[in-house]
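Dear colleague,

Please find the structure below, together with its sequence.

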Amino acid sequence: MGEAINTLEQSFDKTKKLFFPIRKEYWLRMGLISLFGGGARHSFSGNNLSLPENPDFNIVDFISQYGTLIGVLFFFFFFVSLFFTYVGSVFTFMFIEGIVNKNIKIRKSFKQNHNQGLNLFFVRVILGIVSLIILLLIFSPILISLFKSQLQTFNYWLLIPMFLSLFIFIVLISIFWFLAYDFVVPIMYLKNYKFLTAWDYFIKEALNKKTEIFLYWIVKIGVSILVAIASIILLIPLIILLIIIAIPFALLGVGIYFLFTLVNNIVAIAITSLYGFILLLLGIYILSVVFVPVSVFFRMWSIEMTKKMVKI
């Protein structure tokens, strides 16, 4: 636990020196990079589709009827997800550059880190596809019954091994991405390695340091919980303040809507929606800027631990 605690203290001090005294441009740029994936990972989620409560319901007929709409929505979210995965992968290395170099130029940094980001992007996409295949295999019995409209006769005791397999898979993939994100990615940046080379290098160098890595993981979980609690306490008054600040902008949005209804209702809805979306992005960006030192601290910590665990 010694290295985990020592690097924790070092990372806190270095993070404080990065942001204080306040460096406005650096803070804003790192906040932007953090927003688009430099300091965090993003994933899409949605509500579950409720199927009609009809004993004669047939999913094949449902797909035949709504197949075009399902296909359009699927490809839309698929390509949007790919885009943000790509941007987030490049910004991951830009974020590290901003920490290591204590400064960042977004355009220049994007060009310099594009190849490394693209390599990480392909790794994430390939592992995402493999993960999807594994999940389909795990739940294949119930999926087959669903497509055959035989859920009434399905043995629901099979859900126990399915969810047990799912739990094991989630644990394994979580361990993999913990090692990849906290150690392999910093090695990629610091030694200019591709992912597989960096992974092989990490495994060889850290083979006898499993205990330190495990203790670092435990300490990080504890620190993450404390930081999350503190962030929530800070977030509540901050959101209230943002809402108060947003009131005149919301009233302006109402004025824009009624102004454009003189032209066309659809145009008014479209322009007002765009205006609201821009305000929402601005609010999210402000929160990202406020909390970017937290993201920098955790990334700084992983970099310091990587330097201790491997020869860099």
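Predicted model: local features only at pLDDT ≥ 70, side-chain atom pairs only at ≥ 80, totals over all residues.

Read along the sequence, the chain follows the pattern α-α-α-α-α-α-α-α-α.

**Overall figures**

The chain has 312 residues, of which 32% are buried. Its accessible surface comes to about 19700 Å², and carbon and sulfur atoms account for 73% of that area. Among the contacts between residues at least 6 apart in sequence, 77% join residues at least 24 apart.

**Nonpolar cores**

The largest nonpolar core has 47 residues. Those with the most contacts inside it are Met30, Ile99, Phe183, Phe202, Ile213, Val296 and Trp301. The elements that contribute two or more residues to this core are helices H1 (2-19), H2 (24-38), H3 (59-100), H4 (106-138), H6 (159-191), H7 (195-205), H8 (210-261) and H9 (265-309). Of these, H9 gives the most, with 10 residues. Apart from this core lies another, of 6 residues, including Ile138, Phe139, Phe154 and Phe169. As general background, nonpolar side chains tend to be buried together in soluble globular proteins.

Leaving aside residues up to four places away in sequence, Ile213 touches Phe178, Leu179, Phe183, Phe202, Ala206 and Met309.

**Aromatic pairs and a charge over a ring**

The structure holds 27 aromatic pairs. In one of them, the rings of Phe75 and Phe79 have their centres 6.2 Å apart and their planes at 25°, so the pair is stacked. These two residues are 4 apart in helix H3, a separation of about one helical turn. Phe75 itself is partly exposed, with a relative accessible area of 47%.

A second example is formed by Tyr193 and Tyr201, whose ring centres lie 5.7 Å apart with planes at 70°, so this pair is edge-to-face. Tyr193 counts as partly exposed at 25% relative accessibility, whereas Tyr201 counts as buried at 16%.

Another tyrosine is approached by a charged group: the charged end of Arg299 sits over the ring of Tyr181, 4.2 Å from its centre.

**Salt bridges**

Side chains of opposite charge can pair when their charged atoms come close. How many salt bridges are there in this model? The count comes to 4, and three of them are described here.

Glu304 forms a salt bridge with Lys14, with 2.9 Å between the closest N and O atoms. This pair links distant parts of the chain, since Glu304 belongs to helix H9 and Lys14 to helix H1, 290 residues apart. Glu304 counts as buried, at 6% relative accessibility, while Lys14 counts as partly exposed, at 36%.

Asp182 forms a salt bridge with Lys220, the closest N and O atoms being 2.6 Å apart. Asp182 lies in helix H6 and Lys220 in helix H8, so the pair ties together parts that are 38 residues apart in sequence. Are the two partners buried or exposed? Asp182 is buried, at 2% relative accessibility, and Lys220 is buried as well, with a relative accessible area of 16%; the cut-off for this class is under 20%.

Arg29 and Glu25 also meet through their side chains in a salt bridge, at 3.4 Å from N to O. Being 4 residues apart in helix H2, they are separated by about one helical turn. Arg29 counts as partly exposed, at 21% relative accessibility.

**Thr7 and its surroundings**

One further residue may be of interest to you. Thr7 has its place in helix H1 and counts as buried, at 0% relative accessibility. Not counting residues up to four places away in sequence, Thr7 touches Trp301, Glu304, Met305 and Lys308.

With kind regards

Notes:
Residues numbered from 1 in each chain as written. Heavy atoms only, no water. Core = buried A, V, L, I, M, F, W, Y, C linked by side-chain atoms within 4.5 Å. Buried < 20%, exposed > 50% of the residue type's maximum accessible area, 1.4 Å probe, protein only. Contact = heavy atoms within 4.5 Å. Phe/Tyr/Trp six-rings, centres within 6.5 Å; stacked < 30°, edge-to-face > 60°. Lys NZ or Arg CZ within 6 Å of the ring centre and 35° of its normal. Areas by Shrake-Rupley, 256 points an atom, 1.4 Å probe, with all protein chains shown as cover.
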